[in-house]
Amino acid sequence: MTLLAPSRLLALFVLGAVLAPIGDHVHVATGTTSYFDAGPMIWDSPWWFPVLVGLGTAAIAETRVRLGSMRTGISPRWAVGGLAAVMATYALTGTLCGYPDTLGVVLIGGVGLIVWAVIGDLRGALCGLLAAVVGTGVEALLAATGVFEYATVTDSLLGVAPWLPALYFTFGVAVSVLAELLAEDGLRVEA
Amino acid sequence: MTLLAPSRLLALFVLGAVLAPIGDHVHVATGTTSYFDAGPMIWDSPWWFPVLVGLGTAAIAETRVRLGSMRTGISPRWAVGGLAAVMATYALTGTLCGYPDTLGVVLIGGVGLIVWAVIGDLRGALCGLLAAVVGTGVEALLAATGVFEYATVTDSLLGVAPWLPALYFTFGVAVSVLAELLAEDGLRVEA
Amino acid sequence: MTLLAPSRLLALFVLGAVLAPIGDHVHVATGTTSYFDAGPMIWDSPWWFPVLVGLGTAAIAETRVRLGSMRTGISPRWAVGGLAAVMATYALTGTLCGYPDTLGVVLIGGVGLIVWAVIGDLRGALCGLLAAVVGTGVEALLAATGVFEYATVTDSLLGVAPWLPALYFTFGVAVSVLAELLAEDGLRVEA
């Protein structure tokens, strides 16, 4: 049984699934990533990409709630700012092809730490790290199996971009704050 | 009769008129925009550009005050940070020629939402939307009448850059916060 | 006698000495700067560069403490966010070669003001200005004596990049906040 009510998990799934193709389009349009014969597409993404991101969004939020010690009195604007930061950073990564790896890692990693410092807590950082490991791992697996690829100039981390963990970290932190917000009055009665 | 004292409206006009040519220079120097035979110039801008931005700055501030429900206890540093964010974003837009439209819209739109999330309120968002519609509309009109143009690679929104509404939104939010600050002890006695 | 305990000054030295070569690598790898036969290297930096930045970090912190009026109750996350902002900005400056001087100055200057507006106080701004003057001065001297150079397209400020003072300003502000944090329970008994 989930701690977050099913309707809230569904909303989190939809949020992730709607935002994912926007960022993915930026990566495809800039040549940062390319898909190979990936089946039915939604904009520039294969149909399963928004599904995976949607599931990941709901899973991170449920994880954050299960970790407990949630802050109360968080303003909804923290979630707005956090998600806006994730999307702006997602777009920014589309400009990094051709720059040194260290530049991208320090820039996107720095932004991730700033977002955490402004809205995150320690459990949110844990969710961010989890998102970084799982997200990067799944993408590395998909790249290794030839489903898609990162441009050669930016595939130095197991076949994916070296700044990718930092982007997923920011995503995990922002979703954790959203989870704290949703949990405040949205936990299941059973919880 | 204006609600903000004339001396404050004049200061807002001067602020907008002084900052405008700096950002406009970045757009002209990067080839983002070009003017055609626009009469006497201030740096790279025709004389009427700082005048328009100055008038817009005062008009947004007066509008924010008329909308009421102003927050008290706002720190002047909010206005410093907000205006700095507008100028940094203005400069950043000068790097976007040649990148996909979606990249610019998500990046600059994300920054605008972050600025709102940190310093804005709902009436500030309304002023931001108003600035986005009027500012983009005026620029589209000026582009349509051949006064100036955006580079072909970045003119897909009615002849102007697709990220332009997001830049004006950020501007409107920052000026609204400045208006709240100025109004705290600067409303006309008649008001 | 220093006001900050020697162990804390040493930690500040190490922090600056560890972070410096990371940012410097970005500048060298992007061709923003080049060193000429500078002796033993640490990554892409001559050995004395991390030493200078480490000394500068400790000196700014000690200066901030001596200026007095330190805020209490500052969260450690302010220092995390401030240092992350410095490093992200450092990396961002590696993308500015080839863009107009004004773009870089307004973008990096704007970021510096934002960082100050969020975490700084007036004495922190003073430390930022001091860092800007001394840091830029030392680099200009090193450039003039042929130890290293900035790329021709970005050396218009006394032989160094025009955005350099703004980067040092941000650095000075962030270190000042760290100093306030360390001083809260780390002043020497003699103080």
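A residue is called buried when its relative accessible area is under 20%, exposed when that area is over 50%, and partly exposed in between, with a 1.4 Å probe and protein chains only. Helices (H or I, at least four residues) and strands (E, at least two) are DSSP runs, numbered from the N terminus. The model is predicted, so that local features need pLDDT of at least 70 and side-chain atom pairs count only at pLDDT 80 or more, while totals for chains, interfaces and linings use all residues. Residues are numbered from 1 along each chain as its sequence is written, chains are lettered from A and ligands numbered from 1 in the order in which they are written, and side-chain values use heavy atoms, with hydrogens and water left out.

Contact means heavy atoms within 4.5 Å. The expected span of a helix is 1.5 Å times one less than its number of residues. For the 23 residues of helix 5 (residues 122-144) of chain B this gives 33 Å, and the end C-alpha atoms are 33 Å apart, which agrees. After helix 5 of chain B comes G146(B), with a positive phi near 80°.

Backbone angles in the loops of chain B also deserve attention. Most residues other than glycine have a negative phi. S69(B), which is not a glycine, has a positive phi near 50°; this residue sits in the loop between helix 2 and helix 3 (76-93) of chain B. Because its relative accessibility is 51%, S69(B) counts as exposed. L158(B), likewise not a glycine, has a positive phi of about 55° and is placed in the loop between strand 4 and helix 6 of chain B. With a relative accessible area of 66%, L158(B) is exposed.

In chain C, helix 6 is mostly covered, 18 of its 21 residues being buried. The 21 residues of this helix (residues 164-184) should span 30 Å at 1.5 Å a residue, and the end C-alpha atoms lie 31 Å apart, which agrees. Helix 1 of chain C contains H27(C), a residue buried at a relative accessible area of 2%. Leaving aside residues up to four places away in sequence, H27(C) touches T32(C), T33(C), Y90(C), T93(C), G94(C) and W163(C).

Charged pairs connect several of these elements. A salt bridge is a side-chain nitrogen of Lys or Arg within 4 Å of a carboxyl oxygen of Asp or Glu. By this rule there are 15 salt bridges over all chains. One of them joins R66(C) to E62(C), with the closest N and O atoms 2.8 Å apart; both residues lie in helix 2 (residues 48-67) of chain C, four residues apart, about one turn of the helix. E62(C) is buried, at 8% relative accessibility.

E180(C) forms a salt bridge with R64(C), the closest N and O atoms being 3.3 Å apart. This pair links distant parts of the chain, with E180(C) in helix 6 and R64(C) in helix 2 of chain C, 116 residues apart. Both partners are buried, E180(C) at 1% relative accessibility and R64(C) at 0%. R71(C) also meets E180(C) in a salt bridge (2.7 Å, N to O). R71(C) lies in the loop between helix 2 and helix 3 of chain C and E180(C) in helix 6, so this pair ties together parts 109 residues apart in sequence. R71(C) is partly exposed, with a relative accessible area of 22%. In chain A, a network of salt bridges links R64(A), R71(A), D121(A) and E180(A).

The contact between chains A and B takes 17 residues from chain A and 17 residues from chain B. Buried area is the accessible area (1.4 Å probe) that two parts lose on being put together, summed over both. Between chain A and chain B this area is about 1,300 Å², of which carbon and sulfur atoms give 78%. On the side of chain A, R77(A), A88(A) and T95(A) lose the most area to chain B, together 37% of what that side buries. The count of salt bridges between chain A and chain B is zero.
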